[in-house]
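Hello,

Here is the structure for your files. My notes on it follow below.

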Amino acid sequence: MVLKIKTNNTFVKIQDSMLETEIERLEIYFRELLKKIGLENETWSQINFFELEKKKSIIRGLLRESKHSYKILKQLKQAFKNSDFSTETIKFYTKLYPMIHLPNDKSESVGLHFDNFGNKEFFTSWTAITNYKYPALSYIKNSQNFKKLISKFLIKFKILNLFLSNINIQKGEIYIWNGNMIHKGNLNTSKDISAAFQIKFTDENFIHEESLNLKDELENQYNLDFKLEDLIDKYNKLINFGCKIDNILKIKENKIDFYLNKSNKIEKKIISFSL
């Protein structure tokens, strides 16, 4: 199944023919959503930040809970097991976390950081949904070996900017790196929208996202029917309500419950992640 595996001291790069087929299908779905939700020809700007984020968020939720993501997640789970990073102590993984990069999208251009939030073992899998016409990522070679306090110090004083290496990424390529690796997402300097997703593999439950057990069979819960227009309408009503509501938390909770109770299981997952 795996066509090619490249390893350096910092990350693993995998190309998988079956995964590439599913990525193509996910990109088609992504392009359809861009048209339906009105994000296809947008360029990021500070003035329209909130409206753009509303659209990006619902698309992220729909991608995460799609039938395509279910198939991709199964294959990425196996790809990680086949990599050099897989050990018996890695027991959990997260669902796909989509990232959408509009042209000049400063909200997605994250400074230098490392992903590990405290787990003893932590790995990130990063895969492009679209082709990237700019270096999507930059990283510091061998930085996964740094002590966290040293990494924080070096990041704070911007010393590492002199030692960055770029990664030029193509659609469907899987990159896996140690969660302690220092890296950053770069500004989309092209004229096209780019998208990717990441998954985290950890020794313990990842507290910031739903974790799945690597030993369990992945449940196919992505085939529930819903009307996209109805889902978008519910999402927009929740967003608009949140913008208008005062600080009376009880009123807000009751209203949110009202909309969520009218949603089926898959709609709740999409809306909850999007919010």
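Helix H2 is mostly covered, with 12 of its 16 residues buried. Keep in mind throughout that this is a predicted model. H2 covers residues 49–64 and reaches 22 Å from its first C-alpha to its last, close to the 22 Å expected at 1.5 Å a residue.

Leaving out residues up to four places away in sequence, Leu62 touches Tyr29, Leu33, Ile37, Phe226, Leu228, Leu231 and Ile270. As background, nonpolar side chains tend to be buried together in soluble globular proteins.

Next, the loop between helix H1 (17–37) and H2, where Thr43 lies. Thr43 counts as partly exposed because its relative accessibility is 44%, and the limits for that class are 20% and 50%. Thr43 and Asp192 are 149 residues apart in sequence, yet their C-alpha atoms are 8.8 Å apart in space.

Ser143 sits in another loop, the one between S6 and helix H4 (148–156). Is Ser143 buried or exposed? Ser143 counts as buried, because its relative accessibility is 0%. A polar atom of the Ser143 side chain lies 2.7 Å from the backbone oxygen of Ile140. Not counting residues up to four places away in sequence, Ser143 touches Ser151, Asn180, Met181 and Ile182.

Strand S6 itself belongs to an open sheet of three strands, in the order S7-S6-S9, with antiparallel pairing. Strand S7 (165–167) and strand S9 (183–185) stand at the edges with a single partner strand each, so one side of each has no neighbour in the sheet. Neighbouring strands of this sheet are turned by 25° against each other on average, direction ignored. S6 (residues 137–139) and S9 run antiparallel and are joined by three bridges. Within that pair, Ser138 stands opposite Lys184 in S9. In general, strands of a sheet pair through backbone hydrogen bonds, either parallel or antiparallel.

Last, the overall counts. The protein has seven helices and 11 strands. Of its 275 residues, 50% count as buried. Among contacts between residues at least 6 apart in sequence, 85% join residues at least 24 apart.

Regards

How values were computed:
Residues are numbered from 1 along each chain as its sequence is written. This is a predicted model: local features need pLDDT of at least 70, side-chain atom pairs count only at pLDDT 80 or more; totals for chains, interfaces and linings use all residues. Side-chain values use heavy atoms; hydrogens and water are left out. Two strands pair if DSSP finds at least two bridges between them. Helices (H or I, at least four residues) and strands (E, at least two) are DSSP runs, numbered from the N terminus. Axes are lines fitted to C-alpha atoms, for helices over the stretch in contact, and angles run from 0 to 180 degrees between N-to-C directions. The expected span of a helix is 1.5 Å times one less than its number of residues. Buried means under 20% relative accessible area, exposed over 50%, partly exposed in between (1.4 Å probe, protein chains only). A polar contact is a pair of N or O atoms within 3.5 Å; within protein, one must be able to donate a hydrogen and the other to accept it, and residues adjacent in sequence count only if both atoms are side-chain atoms. Contact means heavy atoms within 4.5 Å.
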